[in-house]
Amino acid sequence: KDYKIDISGIEQNNIDTTTVIAFIDPTGNHSRVVLPANNIIDSVPLSWNKSIKDADFVFLSGFTCIELKREIILEILDIAKRAKVAIVFDPQNAISVIDDEILLSVLKLTKILTINEEEKQTLDLRLKKQGVAEMASNIIVIIRMGEKGAKAILEGVIHEAPAFPVKPKNRLGAGDCFNGAILLGLHFGFPLDDILFLGNAVASI
């Protein structure tokens, strides 16, 4: 209202809207941004279904895995699996509370795992308790290490990229920026070393 923007079409209610899922085509056009309340979604909407099938990959965060109903997450994974769409997964600091079935189901379809050092330790402990010795060797594990930069592990080969020498004023959102850059690099088919470089560069801004 202060900026004289017409908001008469916006409805307000008491339903939580903590989950945001955005789909953007390769050119950046015709983007679909879906902001439904997580507690009213009973099945994957048709628009999600089509967007997942058309995507290069699907990004799942740990918070999405605990906010959406279990059936919805499993349905998303099934759609991605049948369409042969890769999963990029960042458990974030929700790693300790994600349901065991959901966590293992996501990891089975994960092409790229992006995670920080502390979360990786928690994940390893959880997998050990589940009797899972290690993740599939074809998963690219990208580990964010803050001031030490980032590294990626693929089939036993370690790729490393140093951090940019900046004095951080606020680290909030740095991991999300890193992930956004990773997704951009993946979309354009950058080499893994360049993807790490790009992630560190964007996260340092």
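Arg 70, Asp 99 and Glu 101 are linked in a network of salt bridges, a salt bridge being a side-chain nitrogen of Lys or Arg within 4 Å of a carboxyl oxygen of Asp or Glu. The model is predicted, with local features requiring pLDDT of at least 70 and side-chain atom pairs counting only at pLDDT 80 or more, while totals for chains, interfaces and linings use all residues. Residues are numbered from 1 along each chain as its sequence is written, and side-chain values use heavy atoms, with hydrogens and water left out.

**Salt bridges**

The count of salt bridges comes to 9.

| Arg 70 | Glu 101 | 2.3 Å |

The salt bridge between Arg 70 and Glu 101 has its closest N and O atoms 2.3 Å apart. This pair links distant parts of the chain, with Arg 70 in helix H3 (residues 70-82) and Glu 101 in helix H4, 31 residues apart. Helices (H or I, at least four residues) and strands (E, at least two) are DSSP runs, numbered from the N terminus. Arg 70 is partly exposed at 36% relative accessibility, and Glu 101 is partly exposed at 37%. Buried denotes under 20% relative accessible area, exposed over 50%, and partly exposed the range in between (1.4 Å probe, protein chains only).

Lys 148 lies in the loop between E6 and E7 and Glu 117 in helix H5, 31 residues apart. Lys 148 counts as exposed, at 54% relative accessibility, whereas Glu 117 is partly exposed, at 32%.

An open sheet of 6 strands has the order E3-E4-E5-E6-E7-E8 and mixed pairing; two strands pair if DSSP finds at least two bridges between them. Strand E3 (57-61) and strand E8 (157-161) stand at the edges with a single partner strand each, so one side of each is left without a neighbour in the sheet. From one strand to the next, the twist averages 15°.

Strands E5 and E6 run parallel and are joined by 5 bridges; Thr 114 stands opposite Ile 142 in E6. Strand E6 (residues 140-144) runs antiparallel to strand E7 (residues 150-154), with 4 bridges between them. In E7, Ile 153 is the bridge partner of Val 141, and Ala 152 is that of Ile 142. The hairpin of E6 and E7 has 5 residues between the strands, and Gly 146 takes a positive phi near 60° there.

E7 and E8 pair in the antiparallel sense over 5 bridges, and the partner of Lys 151 in E8 is Glu 160. The hairpin of E7 and E8 has 2 residues between the strands, with Glu 155 at a positive phi near 50°.

In a regular strand the side chains alternate between the two faces of the sheet. In E6, Ile 140, Ile 142 and Arg 144 on one side and Val 141 and Ile 143 on the other are all buried, covering both faces. Thus E6 is mostly covered, with 5 of its 5 residues buried.**Surface and whole chain**

Phe 63, Ile 66 and Val 97 form a nonpolar patch on the surface, with about 250 Å² of accessible area together. Patches are made of residues with over 30% relative accessible area and no salt bridge, joining like charges within 9 Å and nonpolar side chains (Val, Leu, Ile, Met, Phe, Trp, Tyr) within 5 Å. Accessible areas come from the Shrake-Rupley method with a 1.4 Å probe, and for residues only the protein chains shown count as cover. Val 97 is placed in the loop between E4 and helix H4 (100-109) and is exposed, with a relative accessible area of 56%.

The secondary structure of the protein chain comes to 7 helices and 8 strands. Buried residues make up 36% of its 205 residues. The protein chain exposes about 12,900 Å², of which carbon and sulfur atoms supply 53%. Among contacts (heavy atoms within 4.5 Å) with a separation of 6 or more, 62% are between residues 24 or more positions apart.

Notes:
Axes are lines fitted to C-alpha atoms, for helices over the stretch in contact, and angles run from 0 to 180 degrees between N-to-C directions.
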